[in-house]
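Please work through the exercises below with the sequence and the model at hand, and try each task before reading its solution.

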Amino acid sequence: MSEQFQVKSDLDLWAELDMDVERFKNVPPTLTQVYKDIFLSQENRPESMAYFDEMISNIYTGRIQEIVDAKKAGHPVIGTFCVYVPEEIIQAADGLCIGLCGGSQATIPDAEKTLPRNICPMVKSAFGFKVSRMCPFFQALDFVYGETTCDAKKKTWELLEEHVPTHVMEIPQMKRERDKKLWVEEVKDFKLEIEKMINRNITEDELKAAIDTLNAKRVSLQRLNSLRHHNPSPISGRDMLLIQQIAFYDIPERFTDKVNQLCDELEIRIQNNNVVASKETTRIMISGTPMALPNWKLHNIIENSGAIIVNEESCIGTRYYKDTIETDGQSMDEMLEKLTERYMKIDCSVFTPNDDRIDQVIKEYRDSGAQGIIDYCLQFCHTYNIEAVKLREACEKQGIPFMAIESDYSPEDIGQLQTRVEAFIEQIQG
Amino acid sequence: MNIGIDLGSRAIKMAVLQNGELVNSKVVESSFEPHKQASEMVSSYNTIPVVATGYGRHLAQKHFAQQVITEIKAHALGARYFFPNCRAILDVGGQDSKVISLDETGRVVQFQMNDKCAAGTGRFLEIMAASLGYSLQEFAAAAQLSTEDIPINSMCAVFAESEVVSLRNRGHAAEDIARAIHLSIAERLTSMLERLGIQGDVVFSGGVARNSFLPSILEDKLGRKIYIPEQPEIVGALGAALHLHKQKPAIAV
């Protein structure tokens, strides 16, 4: 498998998408090597991971072709950067919701020609992908739906608008009744925008079906995550991160099937004690900011230091799937209300107060059987960085080993991170 | 016997233990191939197991060392050798500074490292001393002569250097600037220690602990006693050697 694996190329397709083909053609070979080193070098991976390997192999070709074909057939293609943008509505319009590229160092220099250096690497990376025409997903979509979660993002949308049509929905920063009212209005406006694209109204049946589809997707991920909590672990943290990343660009129904198939396999593996780590392996939980594809830096460091990651409390992690939408809403307004309620439960650090998140982190720590928490903060993400103070206090009170790390995508701090991670593992082992 | 070797950014340190007692030590400046230097340092003890620590620990393990531990654990073990009741360690080396808090038994409770820039490190002091035309010894001695308080705002080595240039050009005496730099570095180290919520006295290790001025300002700022081992550079290497001594049966010689 490892020998044959290749991230595929399709120069014609990329040219059709007006990409910088000359530059981009170097990306697949690089990703192939990185992927082999980080993922395919692991021993005893579940067989059902083959599908997810295939998704990486096709990331710049097969999957892009599917998106281009869907677009030609009249389906709207919307790029997003945040788990607050309601994908059920896009799904109801028979559209494609794609979480965009923002996890690579490669395009940051492109972004820094325009953006200040001291902002979040995810925002810089994403902006860089667009301006350098280095992301086929970005090139294929109709428009970007941004939000007002953080300052770096909301001001970058104003600049991104010059390169790709960018809509913005306002996400409030508190969770009072009046904020909820605003939020419901924003969700309704979002629906109107999508309806404008498809030149018709979304029906109640369509929204209901979409809610069911995405609930099923989130439930499959909940199921997978709770199987993974088994000690000893039946699947590595790296593979789990990968699946949670792929959740943002795959077709929901297909993805759900494949996740459930993997879950079936993991159930059998657990029964047969066919696992990827020993019971003595140090179990680490990650909390904090998202790790967008292909940001595998911290997972790789931690698991190469002999520990296993057993949970990600993150947007690309439980924050995406811990809640589903209640299905007792019947009318369009009721359904939109229920939908908004679900989205309001997402506990991003841009909200104040945000004590629910502290409780959620501790709950996930207990559920996952972790022995310590590493809080991951993307550099210059002020809200998560400051919230780490409260998180540390809560962990200290409960005697939970806690370490906060701030990092970006560059390789320059790998040595230092390795020292910290190893010292943290030593600290847990006593 | 046990050997610990600490491959740091600026120097390689070795400590040799016999029956749990420090019997020999050595410090050399590190060059381009630190593992070769290190392996030479331990070569006269060729049958004795070596534990490596420091940035070069994995490289050392690839070539000759039997085990590795991190600098954090090594300093915790080494500091306790000199000061058996110590609960907090401040280590300021060439390229990073770290603070570690320990429980009563010597276990690491928490640690913090400043490792992404030169602020608060030996390198910072070197650059500042050089920009005033001092050697490191002269730099600390000059600072002690001054009673003037000038604030230095920048902790970035690059910006602080230009701040020093502008202070000189405003007519400030070199001793006063030297003092200001010492105060600002002490401020930074103090806040690192206080963030950790340390208890009791502090053991100060690493080459910078030899500075003749810094320990006394740190004592003033912290309101705690600072203890400095006789050879502050070798605390990490000693800790690495102690690691093996403590779990004797692990490796047969």
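Predicted model: local features only at pLDDT ≥ 70, side-chain atom pairs only at ≥ 80, totals over all residues.

Residues are numbered from 1 along each chain as its sequence is written, and chains are lettered from A and ligands numbered from 1 in the order in which they are written.

**Exercise 1.** Determine whether the radius of gyration of chain B agrees with that of a compact globule.

Solution. The radius of gyration is taken over C-alpha atoms, and the globule rule is 2.2 Å times the number of residues to the power 0.38. For 253 residues a compact globule would have a value near 18 Å, and chain B, with 19 Å, agrees. Along the principal axes, the C-alpha atoms of chain B fill a box of roughly 65 × 40 × 30 Å.

**Exercise 2.** Describe how strands β2 and β3 of chain B are paired and connected.

Solution. Strands here are DSSP runs of E with at least two residues, helices are runs of H or I with at least four, and both are numbered from the N terminus; two strands pair if DSSP finds at least two bridges between them. Strand β2(B), residues 11–18, and strand β3(B), residues 21–29, are antiparallel and share 8 bridges, with Val16(B) standing opposite Asn24(B). The two strands form a hairpin with 2 residues between them, and Asn19(B), in the turn, has a positive phi of about 50°.

**Exercise 3.** Work out the strand order of the open sheet in chain A, and identify which strands stand at its edges.

Solution. The open sheet has 4 strands in the order β2-β1-β3-β4, with parallel pairing. Strands β2 (96–99) and β4 (166–169) of chain A stand at the edges, each with a single partner strand, so one side of each is left without a neighbour in the sheet. From one strand to the next the twist averages 30°, where axes are lines fitted to C-alpha atoms, for helices over the stretch in contact, and angles run from 0 to 180 degrees between N-to-C directions. Within the sheet, β1(A), residues 77–80, and β3(A), residues 143–147, are joined by 3 bridges, and the bridge partner of Ile78(A) in β3(A) is Phe143(A).
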